[in-house]
Structure formats: structure tokens, C-alpha cells
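Me: I would like a close look at a single part of this protein, with some account of the chain around it.

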Amino acid sequence: MNWKPDRHAKKAIYKQLAEYMEKGIADGTFPPDKPLPSERYLANTLQVNRSTVVSAYDELEAMGLIERNRGSGTTISKDIWGITRKRIPSWNRYIEAGSFLPNLPVTQKIRKEAVDHKLINLATGELSEDLFPKSALREITATRSFIGSLGYDHPQGSEILRTTLANHIKTSRGIDTNPSSILITSGAQQALHLIVQCLLKPGDAVAIEDPSYNFNLPIFKSAGLKIHYLPVHKDGINPDDLQALYKKHRIKMIFLNPDFHNPTGSSLNIKKREAILDISSKLGIPVVEDDPYSLTAFSGEKRPTLKSLDTNGNVLYISSLSKIVASGLRIGWIIGPTSVIERLSDAKQQIDFGHSSFTQWIANDFLQSSNFNLHIEHLVKELERRRDTIVQSLHTYLKDEVTFYAPQGGIHIWCQVMMEDYNETQLLEESIQRGVIYVPGSTMGSQKGFVRFTYAREDTESIDEGIKRFAEALHCLNGKR
């Protein structure tokens with residue numbers, strides 16, 4: 001047997017072996033009248049673990065190409081073409097062949113671990129149950145009549161909700177728009193998907209912040225885009241970096257989270273906002289503004305959104321109720337030129353035939369009620385209290401071992417761990433064993449040595465205990481070095 005696996009390839013060895021044997025069965029390298037090599041023989045010959053060979057044979061058996069019989073070994077299936085038996089698809093091949101990429105393994109692990117209610121959750125970017133306006137939402141469903149149809153709604157979403165949103169956004173964020181320029185989406189995530197899939201093509205260069213929530217979203221790579229990074233500072237990105245990126249790579253679109261940025265908590269100052277819009281206007285580059293947090297400013301200050309300053313129609317504005325009301329409502333929206341909104345709504349129709357009329361009704365009534373402003377006031381006060389707690393806990397348990405900037409709004413705090421060359425995976429595992437989970441910085445940026453803590457998901461007592469456990473994990477890791 002002359003074939004050898006490529007140990008430097010990204011493809012697992014058992015998959016390489018399965019493909020080699022599948023090809024050999026098809027071209028006669030392995031004749032149908034003779035047994036296939038035993039698992040032990042292949043493991044010794046190829047110098048791999050026997051489990052690797054077993055996995056390869058499992059895949060070939062699932063495809064209906066081989067049969068395993070006790071006493072007579074492994075043979076090529078006598079019914080290889082499926083005349084009398086059904087063949088099972090090789091699902092692993094289909095999974096790997098799909099064009100839509102999976103989340104990063106670390107991200108998958110965090111999400112799986114985060115559902116364990118025994119863990120203190122400083123990872124998940126959502127509000128805790130006690131911050132949801134449950135009583136107000138229950139009142140809507142219990143005492144108010146349902147408006148709208150239970151059939152398919154308007155392609156852009158409920159016109160009543162879009163009218164309410166236009167008024168709400170004008171008052172709260174200074175954006176002058178109309179219902180025809182709004183598309184209701186299933187949260188901000190779907191809005192991003194629609195923009196990437198409909199307005200860009202493979203090979204296009206885009207600019208995102210570094211670090212950024214978008215960094216760990218596979219939608220950009222799935223779409224074949226070339227991603228370039230804009231470093232985020234205490235007051236946001238540097239517009240000069242954007243101009244330099246455009247000259248070098250001909251950027252086609254810019255994705256920004258200007259207010260209480262995820263994960264750093266920073267906010268773009270006014271001069272930078274104006275400079276970015278000026279660059280966008282001169283170069284004709286669209287800006288996608290992702291704004292989930294601007295209503296959570298602890299000072300009550302309302303900075304103008306990029307969209308509110310946009311006089312040329314260069315900004316596509318995304319927001320949602322996920323981070324300020326309830327993630328389960330799945331109500332988000334895009335504001336942009338009518339032609340763009342119509343294109344995106346056509347694509348959304350292909351995906352889900354429009355948004356749920358029931359949750360749109362609830363969102364509309366809540367936005368129109370006095371309870372909305374009361375809820376936001378309570379939410380901001382509680383988030384500030386939790387921010388203060390996590391800042392104090394970091395000082396208490398970690399002192400000079402981490403550095404961070406205390407955000408003035410939003411739900412995240414970004415910390416640099418001062419220990420050199422530590423293993424991020426080991427620190428995460430050590431923390432999980434101690435009962436706390438967070439997001440390692442490398443999943444959100446090109447630099448290692450950072451962590452993101454979310455303080456909206458737990459109460460103050462749990463936040464303090466969570467940082468204490470993280471500190472213990474860090475100290476344990478340091479002691480093992």
C-alpha cells in the first residue's frame with residue numbers, strides 16, 4: 001500500500017483514508033472478491049491510531065460501500081449500487097461541503113456551555129430575565145386586541161409597526177425616515193445577513209472593526225468577502241485608517257458599531273463620525289451602522305447616530321429590540337434607500353415569507369406605550385449598577401493583572417490580561433471548571449490576550465462571584481507555568 005496520509009493537511013486523516021479507499025473501490029484498486037485490509041493492519045502500515053481507521057470504515061459503511069462481518073473481516077458491499085438495499089448518505093461530507101460556514105469551535109463551545117444554568121454567564125450578549133419588561137408585555141397580550149392579519153404581512157413588515165418605528169427613531173435617535181424606507185427583520189443578525197448576501201459579491205473587500213462582534217460571524221467568509229480590519233481605540237476607529245484601507249484594497253462597504261461598541265464599549269466622537277461620513281461621501285462607500293446600544297447611555301446623553309448625520313443616503317442603519325427589550329421578540333430593522341430596502345425585502349421573502357405578525361403587534365404596542373420609556377430608564381440604571389459592580393470586582397480580584405476601559409453604556413467590558421503568552425483555551429477551560437464562562441478575545445479580534453465580559457446577563461452578586469472565579473482560574477494558570 002503506497003498511499004500515505006498528508007499530516008499537514010487541514011482535512012482529518014480518517015477522512016483522507018475514507019476518500020482514498022472510496023476511490024480505490026471505484027477504480028478496482030480494492031477488488032470486490034477479496035477482504036479489505038484489517039483495521040490493525042492499516043493502523044500499523046499508516047502509523048495512525050486504530051480509532052482513525054475505525055472512523056474511516058464507519059464512513060464507508062454509512063455510504064453503503066463496505067460490509068463488516070465478524071469472522072470474515074471487512075469486504076466491499078455485494079450490493080454496492082444499492083439494487084436491494086438503501087444507501088445512507090455520507091452526512092459528514094454534506095456538512096463539510098456546504099457553502100455556509102459553521103461558527104468557530106470556541107464560539108460553539110461557549111454557546112453549549114452557556115446553557116448550563118450552574119455556570120455564571122458573563123458570555124452571552126443579552127439581558128437577564130429580570131430586565132425583560134414582562135409585566136408590560138403581558139398586559140399587551142392580555143388586555144389589548146390583536147391588530148393585523150395572521151396571514152402573510154407586507155414584504156417589508158407591518159406598516160403599522162414601520163410607522164411607529166419611524167416616529168420612535170425620529171424622537172429617540174434623530175433619524176428622519178418613513179415607513180417605505182424600513183424593513184422589519186428577525187433581529188440585527190438577519191439584517192446583516194441580508195446586506196452581505198444581497199449587496200456584495202465574492203471577492204469584494206469590506207472593512208470591519210478590530211475587535212468586533214462581526215469578527216466571529218462566518219457570514220462574511222461564507223460570502224467569499226475579503227475582510228480588512230480597522231483598529232478600535234478608546235474613541236473608536238481612526239478615519240485615516242479607513243482612507244488608507246480604501247487606497248490599498250478598494251473597500252466596497254464599511255461595517256461599524258459606533259455607540260458602546262461590542263466588545264470594547266468605546267464610542268466614536270463627533271469629529272470622527274463626521275470624518276467617516278465625509279470619506280464615505282467622497283469615495284461612494286456605503287456605511288452599515290449597527291446600533292443596538294445607543295439608548296443605554298448612562299449619562300442620558302444622546303449622541304447623533306451616523307444615520308442622523310447622513311445627508312446623502314450613504315448609511316444603512318441597523319437596530320433591534322434584542323438588547324434593550326427582549327431578544328426573544330426577534331424584532332430588528334434596516335433603514336436605507338427605498339430601492340435597497342425593496343431588494344432586501346425581496347430576499348427576506350425568499351427566506352421566510354416575512355416576519356411574524358404577532359410579535360410585530362406586541363413590539364408596536366410596547367413602543368407606543370408609556371411603559372417603553374419607563375422600561376428604558378429602569379434598564380439604564382440597572383445596567384450602570386452592574387457596570388459599577390464589575391469594575392469594582394475587577395479592581396478587587398485582579399488589580400494590575402488586567403487593564404480595561406469602563407464603558408459609559410452598553411452591556412460589555414473589554415479587558416486586556418497582562419499575563420504574557422498564556423493559553424486562552426486553558427484559561428477558558430479552567431474558568432468553566434470553576435463555574436464561570438466568558439468570551440475569549442481572539443474570537444472577536446486579531447489580537448490575543450483579551451477577554452470580553454457581559455454584565456447584563458447576571459445580577460450584581462453573581463457578577464462579583466464570576467470575576468472572583470475568573471481571577472482564581474487566571475492565578476491557577478499562572479501557577480502552572
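Is S128 buried or exposed, and why?

Reply: S128 counts as buried, because its relative accessibility is 4% and the cut-off for buried is under 20%. The model is a predicted one. In it, S128 sits in the loop between strand 3 (120-121) and helix 6 (134-143). Leaving aside residues up to four places away in sequence, S128 touches R386, A456, R457 and E458. The side chain of S128 is also joined to that of D130 by a polar contact of 2.5 Å.

Among contacts with a separation of 6 or more, 71% are between residues 24 or more positions apart. The accessible surface is about 23,200 Å², with 50% of it belonging to carbon and sulfur atoms.

One helix pair can be described too. The axes of helix 8 (residues 187-199) and helix 13 (residues 338-352) come within 10 Å and cross at roughly 110°, which means that helix 8 is roughly perpendicular to helix 13. Helix 8 contributes Q190, L194, I195, C198 and L199 to the contact, and helix 13 contributes V340, R343, L344, A347, K348, I351 and D352. By class, the contact of helix 8 with helix 13 has 8 nonpolar, 1 polar and 3 charged residues.

How values were computed
Residues numbered from 1 in each chain as written. Predicted model: local features only at pLDDT ≥ 70, side-chain atom pairs only at ≥ 80, totals over all residues. Heavy atoms only, no water. Axes fitted to C-alpha atoms, helices over the stretch in contact; angles between N-to-C directions. Helix = DSSP H or I, 4+ residues; strand = E, 2+ residues; numbered from the N terminus. Parallel < 35°, antiparallel > 145°, perpendicular 65-115°, else oblique. Contact = heavy atoms within 4.5 Å. Nonpolar A, V, L, I, M, F, W, Y, C, P; charged D, E, K, R; others polar. Buried < 20%, exposed > 50% of the residue type's maximum accessible area, 1.4 Å probe, protein only. Polar contact = N/O pair within 3.5 Å; in protein donor to acceptor, adjacent residues only side chain to side chain. Areas by Shrake-Rupley, 256 points an atom, 1.4 Å probe, with all protein chains shown as cover.
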